[in-house]
There are 2 protein chains.
Amino acid sequence: MSSSLIHVGIVEDNDEIRQTLALIIDGTPGYSCKMVFSNAEAAVEALRNSYVNVVLMDIELPGMTGIEAVKQLKPVAPDMDFLMLTIRQDDEAIFNSICAGATGYLVKDTPPTALLQAIQEVADGGAPMSTSIARKVIRSFHATTPSPLSSRETEILKLLCDGLNYRSIAQQLFLSAHTVKSHIKNIYKKLHVNSRAEAVGKALKDKLI
Amino acid sequence: MSSSLIHVGIVEDNDEIRQTLALIIDGTPGYSCKMVFSNAEAAVEALRNSYVNVVLMDIELPGMTGIEAVKQLKPVAPDMDFLMLTIRQDDEAIFNSICAGATGYLVKDTPPTALLQAIQEVADGGAPMSTSIARKVIRSFHATTPSPLSSRETEILKLLCDGLNYRSIAQQLFLSAHTVKSHIKNIYKKLHVNSRAEAVGKALKDKLI
DNA sequence: TCCAAAATCCCCCATCTGGGCGATAGCCCG
DNA sequence: CGGGCTATCGCCCAGATGGGGGATTTTGGA
């Protein structure tokens, strides 16, 4: 990995910081920094069809925030990685950035060696982050509410998520369609919903399945 | 945090490793290790109603695996944290463990200092892990397929996930119910589904909304 | 041991849904 | 300029769905 050139982009409104970062990166063999922007709007426009591998993105920017920029760029450039730049470790903002599509973050006073290493790690498919951020990410993985459903109901809910109707579910579980309907009615009661779509929505959002 | 006693549990079938871990932990001030098991079944049974804070769980166990044990314990003891024990860093197994409810992992030859530090970090709400694991976790956060839906369709899909029917969606968006139906039909075509439930399931699983 | 919950099955019916088919108008890209 | 996509509105109808009842048996925990 370290043999190929890493193309880095920078989006940072503070002139000094931006130029310093660019100098460090472009001055190091193996790193190239041609795409530099002082606002998110210009960056989104120019980066969408670029060959840039890793973007250092300031979170606080005039106009569009860095988080919003990532949200727009990630879908159109899925292979582009984003490292957010922050003054200090702000767990909430960083977590939101990650939800938006960022891979990790850097605090702005990171020494050059660590900066370059973080970029390298990201390019190599890693995601450098503190343990507290990692925990936040993991937590949002897991179910927060304990499921009120019985195992049979959970089983049926899974099949609902696949779009099966009464009959198909009944066949799959060797039940009568009446029974399936009965279970689904109970699921609705317990989840406080009254349609398949809402049940599926709640099930997946609350990680009940 | 470091002032209160951390109750640690161990589940590990290798006698030597298990006893070594227990000795290290129980021999350190601030750490207590009373719950020690050589198989997952006994651990699940005893830990479900225990006061243990952090469990060191071997992944490979005779009978039930450590991953399965976490899957069973996490729902009934949501405040209990799990650190998986592995011989070497196996990204796939570790990722599966995290999906099952684990917070992090340790390689078995971790030196005592780092071991205790990792336990402390977990007890303090962190999630120690390598950058490559972190990346895997983050990746499963993001949409993998670019959405084929128009913005209007996405808007309607969101409302479908909330369980709204034609009329309610129409009112919310100031449209005729006919138009809503029309959009939904197009959504079905694009997502290759043919019911609300399936559309919602696909939307949330593929992170289209 | 006894009760509550779960799991199974059944009926009725108003309403919702999905599929088929069609129409007009705007917009962008080639 | 024409074709494709989107957005908007419309009608018909068979079949699925949700809500309202009720019933029995098994299971599991207190």
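User: How many residue pairs are in polar contact across the interface of chain B and chain A?
Analyst: A polar contact is a pair of N or O atoms within 3.5 Å; within protein, one must be able to donate a hydrogen and the other to accept it, and residues adjacent in sequence count only if both atoms are side-chain atoms. Both residues must also be at pLDDT 80 or more. Across this interface the rule finds twelve.

User: Which pLDDT must side-chain atom pairs have to count in this predicted model?
Analyst: Residues are numbered from 1 along each chain as its sequence is written, chains are lettered from A and ligands numbered from 1 in the order in which they are written, and side-chain values use heavy atoms, with hydrogens and water left out. The model is predicted: totals for chains, interfaces and linings use all residues, local features need pLDDT of at least 70, and side-chain atom pairs count only at pLDDT 80 or more.

User: What area do chain B and chain A bury between them?
Analyst: Contact means heavy atoms within 4.5 Å. By that rule, 36 residues of chain B touch 36 residues of chain A. Buried area is the accessible area (1.4 Å probe) lost on joining, summed over both parts. Carbon and sulfur atoms carry 65% of a total of about 2800 Å².

User: Which residue of chain B forms a salt bridge with R135(A)?
Analyst: A salt bridge puts a side-chain nitrogen of Lys or Arg within 4 Å of a carboxyl oxygen of Asp or Glu. The count between the two chains is four. R135(A) makes one at 2.7 Å, N to O, and the partner is D81(B).

User: Which helices of chain B each supply at least two residues of the side that touches chain A?
Analyst: Helices here are DSSP runs (H or I, at least four residues), as are strands (E, at least two), numbered from the N terminus. The touching side of chain B divides into 17 nonpolar, eleven polar and eight charged residues. The helices are α4 (91–100), α5 (112–123), α6 (131–139), α7 (151–161) and α10 (196–205).

User: Which strands stand at the edges of the sheet in chain A?
Analyst: Strands pair if DSSP finds at least two bridges between them. Five parallel strands form an open sheet in the order β2-β1-β3-β4-β5. Two strands have a single partner each, so one side of each lacks a neighbour: β2 (31–37) and β5 (104–107).

User: Which residue of β3(A) is the bridge partner of G9(A)?
Analyst: β1 (residues 6–11) and β3 (residues 54–58) of chain A run parallel, over four bridges. In β3(A), the partner of G9(A) is V55(A).

User: Which residue of β2(B) is the bridge partner of V11(B)?
Analyst: Chain B has an open, parallel sheet of five strands in the order β2-β1-β3-β4-β5. Six bridges join β1 (residues 6–11) of chain B to β2(B). The partner of V11(B) is F37(B).

User: How many residues apart are K136(A) and E92(A)?
Analyst: Their side chains meet in a salt bridge at 3.5 Å, N to O. K136(A) is in helix α6 and E92(A) in helix α4 of chain A. The pair links distant parts of the chain, and the separation is 44 residues.

Notes
Buried area = accessible area lost by both parts, 1.4 Å probe. Nonpolar A, V, L, I, M, F, W, Y, C, P; charged D, E, K, R; others polar.
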